[in-house]
Amino acid sequence: MESLSNRKKVVSNKKMTFMEKLYLPAILGGMWITFKHLFKKHNTLKYPEVKREFAPVYRGQHVLKRDEEGRENCTACGLCAVACPAEAITMTSEERKKGEENLYREEKYASTYEINMLRCIFCGLCEEACPKEAIFLTDRIVPTYFERNDFIYGKDKLVEPVDQRVDISKRQLTGKRPA
Amino acid sequence: MIIKLIIVVALFAITLGIAAYLTLMERKVAAWMQDRIGPDRAGPFGLLQPLADGGKMFFKEDFRPTNADKWLFIIGPGIAMFTSLITGAVIPWGPDLKIAGETIALQVADVNIGILFIMGAVSIGVYGIMIGGWASNNKFALFGAIRASSQMISYELAMGVSVITIVMMTGSLSIRDIVDQQHGFWDNGWFSWNVFKQPICFIVFLITALAECNRAPFDLAECESELIGGYHTEYGAMKLGFFLFAEYVNMFISCAIISALFFGGYNFPGMDNFSGNTLAILGTLVFFAKTFFFVFVFMWIRWTLPRFRYDQLMHIGWKKMIPIALINLLITGVVIAYTEGWFSKNKDNESASNVKMEQPLGVNTSFEKTKTGNSL
């Protein structure tokens with residue numbers, strides 16, 4: 001039968017020639033290859049000092065966004081928690097009181113919002129489920145800790161500070177939402 | 001006496017220090033060949049890594065499996081370490097030093113049967129591995145020990161035959177004599193180093209040395225992927241450290257032997273332009289440079305070649321290495337006999353050859369020396 005892909009290889013059990021049986025030429029050839037690798041560029045990055053550039057679609061540590069006036073976007077609807085396949089997100093909701101209009105954009109907000117970073121698989125489904133553009137994944141890496149409890153991130157770590165906004169423009173462009 | 005003691009202690013310390021840093025070198029060479037950087041966190045360029053490793057080994061729990069034989073379990077690594085360290089005693093590290101009118105030989109003991117001593121010590125080295133593997137009471141460890149011992153016994157034969165070839169050419173079992181006969185680099189229209197006179201013998205010796213050190217591609221005794229470490233599966237803490245350390249000491253010593261037997265030891269081209277202590281220091285440096293080159297070759301081979309299968313190992317050892325070494329021995333013997341004038345019917349040569357006939361090939365000469373008893 002004719003091969004369509006031209007990738008078919010015919011296996012042969014041909015006898016080795018004397019030079020092949022000696023093995024030494026093949027061994028020297030292999031050693032020449034490894035020797036050339038001695039002088040090649042190293043692929044390793046010295047991580048804490050040098051960081052690898054991330055792809056625009058990289059999904060790292062989450063951020064809870066604020067709007068332009070610094071109010072939290074999240075309304076604690078729970079769609080992210082429902083969408084989460086790893087059951088990593090929990091939250092409790094609360095009603096916005098008078099005088100808190102500058103803190104929360106809508107009448108309902110999340111009084112606590114926790115993501116367990118050990119459970120999270122960084123799939124980005126929470127981001128996709130969010131109707132308020134409140135949660136995004138960023139190019140930040142979740143650091144390591146010695147205690148399991150330290151991996152449960154509350155609002156203190158998730159909500160972006162008013163004066164240090166987290167740039168999610170790259171991530172926004174990759175999704176279905178227009179910029 | 002005191003000088004000898006100093007040399008002994010210095011050799012001990014240097015061998016251990018070098019063995020420690022060979023672990024770093026191994027990791028660095030492996031990393032570079034795999035386009036990585038290697039350990040670089042402990043000190044500049046990772047230079048303190050061996051200290052960190054050693055410290056870790058010391059402070060780990062000294063664990064012993066319940067069913068292991070207590071004393072054999074302790075003796076195993078001890079024997080491995082001991083045998084690998086004593087082989088360094090007969091290696092001449094450099095030409096004689098002269099300090100304050102006294103001649104100091106850079107060698108612990110110029111034993112006139114030096115190479116025989118090394119072969120003996122190497123064979124005892126099997127016991128360390130065998131006892132360690134047996135005492136662990138673990139089937140993987142026993143498998144590793146069996147493989148190691150059968151491999152070392154098989155390859156010792158070919159190694160011994162290739163050593164005999166060199167001894168036949170030199171007429172002496174003393175390593176210093178063998179090195180001194182390779183004086184300089186060019187002698188009587190041909191290279192004076194043994195590697196140029198006996199290339200096949202060198203290749204056989206290199207391969208068997210790899211096998212004797214249990215290095216890849218002959219590392220069947222360890223076999224991380226199949227035997228999870230082989231004979232040291234059950235070992236931990238400094239006992240494991242001793243096994244690993246002994247391996248690197250072995251590698252260093254066998255590289256020193258290779259450079260002494262085949263690459264002229266402390267001889268180098270143009271050495272006649274120097275004399276006295278300058279020559280001694282330069283010669284020692286050259287010897288260490290050669291040794292480290294071979295250490296690098298050992299590592300290079302390890303990170304290039306995959307492991308042999310057990311039957312391939314035995315096939316190469318018994319059906320390839322030993323016949324090649326024997327044929328090489330035979331040819332060398334015939335050539336020596338020819339040059340000594342055994343085949344000539346010339347009357348003038350007969351008187352000379354008769355004297356030689358009584359002590360054929362010069363090997364016996366050194367035995368005569370043994371009988372009269374040299375000071376060790």
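Predicted model: local features only at pLDDT ≥ 70, side-chain atom pairs only at ≥ 80, totals over all residues.
Two residues are taken to be in contact if their C-beta atoms, placed from the backbone, lie within 7 Å. Chain B is built from 14 helices and four strands. Its radius of gyration comes out at 22 Å, close to the 21 Å that the globule rule gives for 376 residues, so chain B is as compact as a globular protein of that length. Along the principal axes, the C-alpha atoms of chain B fill a box of roughly 75 × 50 × 45 Å, and 42% of the 376 residues count as buried.

Helix 3 of chain B runs over residues 70–86. From first C-alpha to last, its 17 residues reach 25 Å, close to the expected 24 Å. Buried residues in this helix include Phe73(B), Ile79(B), Met81(B) and Leu85(B), along with Gly76(B) and Pro77(B). The buried residues of helix 3 pack against helix 1 (2–33), helix 4 (114–135) and helix 10 (237–261) of chain B.

Two of those partners also meet each other. The axes of helix 1 and helix 10 of chain B come within 9 Å and cross at roughly 105 degrees, so these helices are roughly perpendicular to each other. Helix 1 brings Thr15(B), Ile18(B), Ala19(B), Leu22(B) and Thr23(B) to this contact, where they meet Phe245(B), Tyr248(B), Val249(B), Met251(B) and Phe252(B) of helix 10. By class, that makes eight nonpolar, two polar and no charged residues.

Between the chains, ten residues of chain A touch ten of chain B. On the chain A side, three are nonpolar, six polar and one charged.

How values were computed: Residues numbered from 1 in each chain as written. Chains lettered and ligands numbered in written order. Nonpolar A, V, L, I, M, F, W, Y, C, P; charged D, E, K, R; others polar. Helix = DSSP H or I, 4+ residues; strand = E, 2+ residues; numbered from the N terminus. Expected span 1.5 Å × (residues − 1). Buried ≥ 20, exposed ≤ 12 C-beta atoms within 10 Å, placed from the backbone. Axes fitted to C-alpha atoms, helices over the stretch in contact; angles between N-to-C directions. Parallel < 35°, antiparallel > 145°, perpendicular 65-115°, else oblique. Rg over C-alpha atoms; globule rule 2.2 N^0.38 Å.
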